[in-house]
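Hi,

Here is the structure I promised to pass on. Have a look at it first, and then read my notes below.

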Amino acid sequence: MSSVNGIRKSGKKAKGRAELQRYRQGKRLTRQESIAAHCYDCTGGYVDGIEPCQNADCALHPYHPYQDRKKGRL
Ligand code: SF4
């Protein structure tokens with residue numbers, strides 16, 4: 001997803017979508033908003049569904065917006 005319009009047209013409504021749009025419009029994000037935006041982008045807008053990330057090797061994994069906090073680190 002490379003543009004704000006691309007996100008509006010094809011991006012799934014999920015955590016990080018609005019933040020990514022705002023960032024690409026030149027707005028400033030908090031650290032957590034930036035992580036949510038990055039995870040949204042990384043998953044292609046959660047095209048495969050909204051689920052906890054399975055990539056425990058990623059440094060952002062503990063902060064993934066849909067992380068299952070009960071399970072802790074996967
Ligand atoms: S935590 Fe998962 S979704 Fe988020 S950036 Fe890392 S690999 Fe991508």
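Two aromatic pairs turn up in this predicted model, where rings of Phe, Tyr and Trp (its six-membered ring) pair if their centres lie within 6.5 Å, and planes under 30 degrees apart count as stacked, over 60 as edge-to-face and the rest as tilted. One of them joins Tyr40 and Tyr46, edge-to-face, at 5.8 Å centre to centre with 65° between the planes. The other brings in Tyr66: its ring centre is 5.3 Å from that of Tyr46 and the planes stand at 85°, so this pair is edge-to-face too. It links distant parts of the chain, since Tyr46 and Tyr66 are 20 residues apart, both in the segment after helix 3 (31-42). Taken together, Tyr40, Tyr46 and Tyr66 make one aromatic cluster.

Before going on, a word on how to read the numbers. Residues are numbered from 1 along each chain as its sequence is written, and side-chain values use heavy atoms, with hydrogens and water left out. As this is a predicted model, local features need pLDDT of at least 70 and side-chain atom pairs count only at pLDDT 80 or more, while totals for chains, interfaces and linings use all residues.

Are Tyr40 and Tyr46 buried or exposed? Both are buried (buried means under 20% relative accessible area, exposed over 50%, partly exposed in between, with a 1.4 Å probe and protein chains only). For Tyr46 the relative accessible area is 2%. Tyr46 also has a positive phi, near 55°, although it is a residue other than glycine.

Now the overall layout. The protein has three helices and zero strands, in the order α-α-α along the sequence; helices (H or I, at least four residues) and strands (E, at least two) are DSSP runs, numbered from the N terminus. Of its 74 residues, 31% count as buried.

Going through the helices:

- Helix 1 (residues 4-10) holds Asn5, which is partly exposed at 47% relative accessibility. Asn5 and Gln21 are 16 residues apart in sequence, with 8.6 Å between their C-alpha atoms.
- Helix 2 (residues 17-24) has Arg17, Glu19, Leu20 and Gln21 buried. Just after this helix, Gly26 takes a positive phi of about 90°.
- Helix 3 has 12 residues and should span 16 Å, which agrees with the 16 Å between its end C-alpha atoms; the expected span is 1.5 Å times one less than the number of residues. Ile35, Ala36, Ala37, Cys39 and Tyr40 are buried in helix 3. Asp41 lies in helix 3 as well, but is partly exposed, with a relative accessible area of 28%. The C-alpha atoms of Asp41 and Ile7 are separated by 9.4 Å, and the two residues are 34 apart along the chain. Just after helix 3 comes Gly44, with a positive phi of about 70°.

Last, the ligand. Which residues are around it? They are His38, Cys39, Cys42, Thr43, Cys53, Asn55, Cys58, Leu60, His61 and His64, where a residue is near if one of its heavy atoms lies within 4 Å of the molecule. This shell divides into five nonpolar, five polar and no charged residues; Ala, Val, Leu, Ile, Met, Phe, Trp, Tyr, Cys and Pro count as nonpolar, Asp, Glu, Lys and Arg as charged, and the others, Gly among them, as polar.

Over to you, and happy browsing!
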